[in-house]
Amino acid sequence: MGSLPAPHLPIGRLQYPAARRDESVFDDYHGVKVADPYRWLEDPDAEETKEFVQKQVNLTESVLKTCETRQKLHDKITKLFDHPRYDAPFKRGNNKYFYFHNTGLQPQSVLFTQDGLDGEPEVLLDPNVLSQDGTVSLKNISISEDAKFMAYGLSSSGSDWVTIKVMRIEDKTVEPDTVSWVKFSSISWTSDGKGFFYSRYPAPKDVENLDAGTETNVNLNHQAYYHFLGKDQSDDILGWKDSENPKYMVSINVTDDGKYLLMYIEENCDPVNKVYYCDISTLPEGLEGFRGVNGLPFVKLVDNFDAGFHAVANDDTLFTFLTNKNAPNYKLVRVDLKEPNKWTDVIPEAKRDVLESACAVNGNQMIVKYLSDVKYVLQIRDLETGSLLHKLPIDIGSVYGISARRKDSTVFIGFTSFLTPGIIYQCNLQSQALEMKIFREINVPGFDRSEFHADQFFATSKDGTKIPMFIVARKNIKLDGSHPCLLFGYGGFNISLTPFFSVSRIILVRHLGAVFCMANIRGGGEYGEQWHKSGSLAKKQNCFNDFISVSEYLVSSGYTQPNKLCIEGGSNGGLLVGACINQRPDLFGCALAHVGVMDMLRFHKFTIGHSWTCDFGCSDKEEEFHWLIKYSPLHNVKRPWDQRPAVQYPSTMLLTASHDDRVVPLHSLKLLATMQHVLCTSLKDSPQTNPIIGRIECKAGHGCGRPTQKMIDEAADRYGFMAKVLNANWID
């Protein structure tokens with residue numbers, strides 16, 4: 001039995017810091033004037049902005065100090081987080097394996113290498129020695145084909161900017177090579193190991209005084225280059241640029257046979273791209289012959305943005321692609337470069353299941369991954385014919401990595417679920433009886449999965465569409481509406497939410513008696529491109545309707561009640577939370593919005609925001625402006641008590657970070673100032689007594705590469721706040 005809970009004392013009416021409103025600032029959108037009184041918060045370097053941020057930090061800390069469970073959450077999350085974690089190993093060279101490992105509380109995971117699976121592991125690169133506070137992270141790595149060199153991208157403070165360095169693997173010597181201003185880039189070695197392809201933007205202005213990641217300038221003119229080992233970056237060969245289309249993004253990958261370059265050109269975040277190729281085996285002087293030349297001689301294979309294409313394998317000129325061309329659930333197709341207009345199906349589109357990926361393995365086989373009602377299905381198929389050879393048994397959860405190349409007969413498969421911290425399976429495809437052997441299993445001391453259950457349910461949205469959700473709770477709970485509930489969602493950019501293990505959320509279920517729910521709303525990729533499109537552009541409101549319908553299901557089914565329901569989401573999910581509390585403030589007791597896109601009229605003007613217009617639209621176009629103004633969180637903050645007495649906004653925490661150069665902090669700062677003004681400071685004795693606060697993290701970005709301690713601190717803060725405002729008591 002738990003101990004008697006300490007009574008929760010209300011936070012009380014807060015004294016919000018004053019924030020200047022410049023009533024003279026407005027924009028004219030197609031004849032509609034829209035005020036923007038906090039435009040000055042768009043300048044992160046202005047002293048007034050820094051002062052605003054510091055005052056909000058002080059206010060939030062004063063609130064968090066009153067949260068009784070905050071320290072208990074911090075201690076328990078730290079304790080459970082302190083367990084060894086591994087990623088699936090991958091093989092390069094003759095028999096050299098590489099993998100990431102974290103002993104538990106290390107800020108960043110460490111890269112290990114070993115000779116063969118039975119060899120002695122040794123540290124290859126430990127990012128934790130690169131900074132005192134763990135804020136330098138490994139963004140990506142790429143090992144040369146002969147396993148002699150490793151190119152690795154480093155990011156500071158969570159920024160999307162990357163600097164690529166090179167290490168000689170045998171003696172761990174860091175070479176002098178430095179490749180700067182890399183962003184949204186793969187690293188792809190040529191098979192001779194002489195260098196690699198990468199993508200970058202031109203260096204920002206005033207580089208000497210720039211704290212990279214804090215700037216808001218729009219990212220334009222993405223270019224692809226080839227870097228020769230041992231050379232200065234100024235000597236790199238330009239692979240491709242398109243000055244006429246500065247918003248395009250480009251990447252160049254080398255095929256497994258080392259013969260071809262495949263260039264993918266993307267217009268935005270939509271799952272569509274062009275595909276060009278270059279046969280580098282036919283270049284008389286190799287890549288060296290293109291020094292000083294304005295690009296490589298690419299041949300256009302797909303030259304429109306009608307669909308997405310990603311190569312799975314090739315046999316000389318015969319290429320196999322995964323595509324959504326006339327197939328919203330995706331299919332596998334094949335084309336011979338000698339007959340570029342003749343495409344044939346290898347695996348036709350499934351009626352309901354989504355073909356998420358295909359990986360060529362064991363010579364002429366492939367592992368294909370389907371998503372079926374948000375549950376994964378793994379199959380081994382013949383690469384040439386597409387015919388089904390085997391089904392691999394897998395539980396309900398997420399397959400987060402398939403580690404193998406076409407030449408490999410041993411495959412490693414990473415798996416996790418709500419109640420499975422992690423399993424890495426090993427499968428020998430040359431064995432007569434295929435078996436998914438456990439290679440490594442991640443165990444969390446103190447976690448007993450038998451205490452919990454995870455189930456899938458469906459809610460009915462406003463238009464009758466069935467919306468799947470997963471619910472995790474302690475076994476045998478009473479459906480009497482008494483439980484705190486955390487509802488998480490995303491709903492955008494064709495991204496699927498699938499079950500994964502979370503230490504902090506398990507602790508909420510175990511020690512706060514909470515119910516956790518993950519909603520698979522439209523806009524995501526759970527049911528293919530049609531599901532994605534039905535939650536984007538003019539249909540974006542479907543996302544909010546779906547999330548609201550799931551919330552109502554949780555209440556009507558007895559899991560919770562509105563004053564005990566907390567909603568959470570990040571990035572596009574932050575937008576989701578912001579829109580839903582505007583539209584249904586009565587339905588929620590708490591809202592946690594991470595790094596959200598909150599100003600839907602100006603998002604395209606900052607860093608990479610222009611690439612999101614494929615999902616949102618753009619206020620520069622009149623029709624799309626009218627979509628956006630209806631739900632933009634910043635522009636729809638209204639006093640709910642004017643319509644319904646006794647209704648106020650839920651207790652709200654907006655979370656952002658100083659070096660978030662994806663969704664820049666100005667989104668959260670402007671919304672925070674707006675909510676505090678409209679709901680609180682503009683009225684004497686305002687009915688809004690629920691707190692509206694912001695948690696602003698320093699030396700952190702959009703989320704990737706955040707050190708362990710910062711993740712623990714933030715989880716304790718936001719869930720401590722949630723527990724306080726939902727009146728959720730600690731259970732030992």
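Predicted model: local features only at pLDDT ≥ 70, side-chain atom pairs only at ≥ 80, totals over all residues.
Residues are numbered from 1 along each chain as its sequence is written. Local features need pLDDT of at least 70, side-chain atom pairs count only at pLDDT 80 or more, and totals for chains, interfaces and linings use all residues, while side-chain values use heavy atoms, with hydrogens and water left out.

Helices are DSSP runs of H or I with at least four residues, numbered from the N terminus. Helix H5 (residues 541-556) packs against helix H6 (residues 572-583) at an angle of about 70°, and their axes are 10 Å apart. The axes are lines fitted to C-alpha atoms over the stretch in contact, and angles run from 0 to 180 degrees between N-to-C directions. H5 and H6 are therefore roughly perpendicular to each other (65 to 115 degrees).

Grid points are joined across faces, edges and corners, and a volume is the space filled by probe spheres set on the points. Six cavities of 30 Å³ or more are present in the structure. The largest cavity has a volume of about 80 Å³, and its lining consists of Phe418, Val472, Phe500, Ser502, Arg505, Ile506, Val509 and Phe516. Helix H3 (residues 503-511) gives the most to this lining, with three residues. The second largest cavity holds about 60 Å³ of space. Its lining residues include Trp240, Asp242 and Tyr248.

Definitions and conventions
Helix = DSSP H or I, 4+ residues; strand = E, 2+ residues; numbered from the N terminus. Parallel < 35°, antiparallel > 145°, perpendicular 65-115°, else oblique. 1 Å grid on protein atoms, 1.4 Å probe; cavity = no way out; pocket = protein on both sides within 12 Å on 5 of 7 lines; lining within 4 Å.
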